[in-house]
Amino acid sequence: MELQEAMRELHGYAAALCDAAGYDEAFLEQFWNDLCGTEGLLREFAYYYDRREFLCDLRIAGKDLSDMMIWQVDHFKAYLDRGDEMLRYDSAKLLLQAFSSMAQLNRDPEPILRKMATESGTDSPDKY
């Protein structure tokens, strides 16, 4: 019974994050399936829920959740370059994308590893 309650609570937290980020029910269900279907990722999510920090025990292709979060922040820097200041405060979207990226990395690491190596976090690559 405790496990079922914990799962309901985590699903509710995922739903609240999706709602805060403006994502629909389809995104939530894909996100939840990714969490449950990627070995170790649900544990990382539960740890974050409990402590609001990353456990970083799960490593896929040499990357952990802190790497994914840093990469997501770099993506949002490109929006800031365009003057979209509201994304600066979209912590729910950043968090969801970090976890989603780990699941994607688990399914097919090459595209994400390539993007991580080549994307500068700005929409003006020659700027830096």
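1. Helices here are DSSP runs of H or I of at least four residues, strands are runs of E of at least two, and both are numbered from the N terminus.

2. A word on the basis: this is a predicted model, where local features need pLDDT of at least 70, side-chain atom pairs count only at pLDDT 80 or more, and totals for chains, interfaces and linings use all residues. Residues are numbered from 1 along each chain as its sequence is written, and side-chain values use heavy atoms, with hydrogens and water left out.

3. Now to the helix pair. The axes of helix 3 (residues 41–51) and helix 5 (residues 91–107) come within 11 Å and cross at roughly 160°; axes are lines fitted to C-alpha atoms over the stretch in contact, with angles from 0 to 180 degrees between N-to-C directions. Helix 3 and helix 5 are therefore roughly antiparallel (over 145 degrees).

4. Who meets whom? From helix 3, Leu41, Glu44, Phe45 and Tyr48 meet Leu95, Phe99, Met102 and Ala103 of helix 5, a contact being heavy atoms within 4.5 Å. The residues of this contact divide into seven nonpolar, no polar and one charged; Ala, Val, Leu, Ile, Met, Phe, Trp, Tyr, Cys and Pro count as nonpolar, Asp, Glu, Lys and Arg as charged, and the others, Gly among them, as polar.

5. For the whole protein, 37% of the 128 residues are buried, that is, under 20% relative accessible area with a 1.4 Å probe, protein chains only. Of the contacts with a separation of 6 or more, 63% join residues 24 or more positions apart.

Key: Angles under 35 degrees count as roughly parallel, over 145 as roughly antiparallel, 65 to 115 as roughly perpendicular and the rest as oblique. Buried means under 20% relative accessible area, exposed over 50%, partly exposed in between (1.4 Å probe, protein chains only).
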